[in-house]
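Please read this briefing beside the sequence and the structure shown below.

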Amino acid sequence: MRILVFGAGSLGTLVGGLLASVHDVTLVARDPHAARVSAAGLDIIGAGSAHISPAATTTDTGHSADLALVTVKSFDTAAAADALADCDVDAVLSLQNGLTEETLASRLDAPVLAGTATYGARLVEPGRVECTGVGRIVLGALDGGPDPLAERVGKAFRDAGLNTLVATDMPRRRWEKLAVNAGINAVTALARVENGALAGDDAGELAHRAARETARVARLERVSLPNRVAREAVDRVVEKTAANRSSMLQDVAAEKRTEVDAINGAVVDIAADHDFEVPTNRTLAALLRAWERGAGLR
Ligand SMILES: NC(=O)C1=CN([C@@H]2O[C@H](COP(=O)(O)OP(=O)(O)OC[C@H]3O[C@@H](n4cnc5c(N)ncnc54)[C@H](O)[C@@H]3O)[C@@H](O)[C@H]2O)C=CC1
Ligand SMILES: CC(C)(CO)C(=O)C(=O)O
C-alpha cells in the first residue's frame, strides 16, 4: 500500500516507520526531521527497535497515495485537509485525539475512516522516534458498520506488525475516548498532576463530571454511551495510565498549544447545537483557552 503520513511528528513517525517495513511510506514532516530522515533514515527505539528508510518531505501538496494517515495536532486539521485536497488519495484515516474526522470529511472527497491510537510515541530528536508504549490502533467506518475499506487498511496495518482492530462501532468508541480525554486531559493539565492523582480525589470527580456531560452529548447525537460507561472508562484509564502525564499536561508544561478545541471545546459546541449546557466542559475549556491566550499561543 502507498501510504502518506500527513504530519509526521511523534505518532505519525512511529506508525509510519513501522508501516514502512512492508509498505511504500512517505512522511510529510517539517525540517529538520524530514531532512534527517531523507539523509540518514529513521531510528525507532524503545519498545522494539529498528532502522528504516521511508521517504520524507516537507512538501504537503501534489502527492498520490492509497491512504493518507492524518497525524497532525487537532488544531492543524483544517490546514492539513486543505493541503490533502490537492493530493490524489483514495482514503483518509485520522489517528488524532479529539473530534477531527468531521473536519476532514467536510473538506475532502476521499472517504474518511475514524481511528484511535493508544501507542505512545515521542520524537526524541530529528530522525529518532521512541515507542513509549505498545498500544492498539482501532479503526473503522466513521458512521459505524462493516466497511471493506477499513478491512483493507486494517490488514495492511497488521501485515506491518501493528496491533490493529477493525471495529464496526467507531461512533461509540470515538465518543468514549472523547469522554476520557475531556475528563482526564483537561483536569490533569490544569492541576499539573499525573493521571493517577485523579483516583479518589475531588479532581477525579471533576473528570467524571466532564465525562458524564460528554456521554450525555453523545446520546443527543444518537450515540449510545451511558454515563456509567463513560465514568468507568475514566476510572479504567486513570488506573492503567496512573504514571502518565497526559498529552495536554505535556503540552502545557512545554508551553505549547493544547488540543482543547477538539476535546472539551467540541463537547461545548456540539452541546450548543442541541441547546444543551455542559458547564464543566465549558469551564475547563475557558480556563485552558485563557492559559493559551496568556501564553501567547492563540
Ligand atoms: N504522541 C502520542 O503518543 C499520541 C498522539 N496522539 C494524537 O496524535 C496527534 C498527533 O500527536 P503527536 O504526534 O504527539 O504531535 P506532534 O506535534 O509530535 O506531531 C504533529 C506533527 O505534524 C507536523 N505538521 C503539522 N502540519 C504539517 C504540514 N502541513 N506539513 C508537514 N508537517 C506538519 C508538525 O510539525 C508536527 O511535527 C494528536 O492529535 C495526538 O493527540 C494519539 C495517541 C498517542
Ligand atoms: C488516554 C490518555 C488520557 C492517556 O494519558 C490520553 O489519551 C492522552 O494523554 O492524551
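Two residues are taken to be in contact if their C-beta atoms, placed from the backbone, lie within 7 Å. By that criterion, 66% of the contacts in the protein with a separation of 6 or more are between residues 24 or more positions apart. This is a predicted model, in which local features need pLDDT of at least 70 and side-chain atom pairs count only at pLDDT 80 or more, while totals for chains, interfaces and linings use all residues. Residues are numbered from 1 along each chain as its sequence is written, and chains are lettered from A and ligands numbered from 1 in the order in which they are written.

**Overall fold**

- The protein has 11 helices and 14 strands, where helices (H or I, at least four residues) and strands (E, at least two) are DSSP runs numbered from the N terminus.
- The radius of gyration, taken over C-alpha atoms, is 18 Å and close to the 19 Å that the globule rule (2.2 Å times the number of residues to the power 0.38) gives for 298 residues, so the protein is as compact as a globular protein of that length.
- Along the principal axes, the C-alpha atoms fill a box of roughly 50 × 35 × 35 Å.
- Of the 298 residues, 50% are buried; a residue is buried if 20 or more other C-beta atoms lie within 10 Å of its own, exposed if 12 or fewer, and partly exposed in between, with C-beta atoms placed from the backbone.

**Domains and annotations**

- The protein is divided into domain 1 (2-166) and domain 2 (170-294), with bounds that come from an automatic or database domain assignment.
- The C-alpha centres of domain 1 and domain 2 lie 24 Å apart, and the contact takes 15 residues from domain 1 and 14 residues from domain 2.
- On the side of domain 1 that touches domain 2, strand S10 (112-117) and strand S13 (137-141) each supply at least two residues, and S13 gives the largest share, three residues.
- That side of domain 1 divides into six nonpolar, seven polar and two charged residues; Ala, Val, Leu, Ile, Met, Phe, Trp, Tyr, Cys and Pro count as nonpolar, Asp, Glu, Lys and Arg as charged, and the others, Gly among them, as polar.
- An unreviewed UniProt entry carries the annotation "domain: Ketopantoate reductase N-terminal" for residues 3-143, a span that is 23% helix and 38% strand.
- The UniProt annotation "domain: Ketopantoate reductase C-terminal", also from an unreviewed entry, covers residues 171-290, and this span is 69% helix and 0% strand.
- UniProt positions are given in the numbering used here, feature names are shortened, and annotations may be inferred rather than shown by experiment.

**Ligand surroundings**

- Of the 26 residues around ligand 1, Gly7, Gly9, Leu11, Gln96 and Asn97 come nearest; a residue is near a molecule if its C-beta atom, placed from the backbone, lies within 6 Å of it.
- Helix H1 (10-19), helix H3 (77-84) and strand S11 (120-125) are the elements that give two or more residues to the shell around ligand 1, which divides into 11 nonpolar, 10 polar and five charged residues.
- Among the residues that surround ligand 2 are Asn97, Val180, Asn181, Asn244 and Ser246, and helix H6 (residues 170-191) contributes the largest share of that shell, four residues.
- The shell around ligand 2 holds three nonpolar, eight polar and no charged residues.

- Seven of the 10 residues of helix H10 (residues 264-273) are buried, so H10 is largely enclosed by the rest of the structure.
- The cover over the buried residues of H10 includes H6, helix H7 (202-220) and helix H11 (279-294).
- Arginine 173 has its place in helix H6 and counts as buried, with 21 C-beta neighbours inside 10 Å.
- Not counting residues up to four places away in sequence, arginine 173 touches Thr116, Val138 and Ala167.

**Backbone details**

- A cis peptide bond, with omega about 10°, joins aspartate 31 and proline 32, and proline 32 lies in the loop between strand S2 (24-28) and helix H2 (33-40).
- Arginine 192 is not a glycine, yet its phi is positive at about 55°; this residue is in the loop between H6 and H7 and counts as exposed, with 11 C-beta neighbours inside 10 Å.
- Arginine 222 also has a positive phi, near 65°, and sits in the loop between H7 and helix H8 (227-240).
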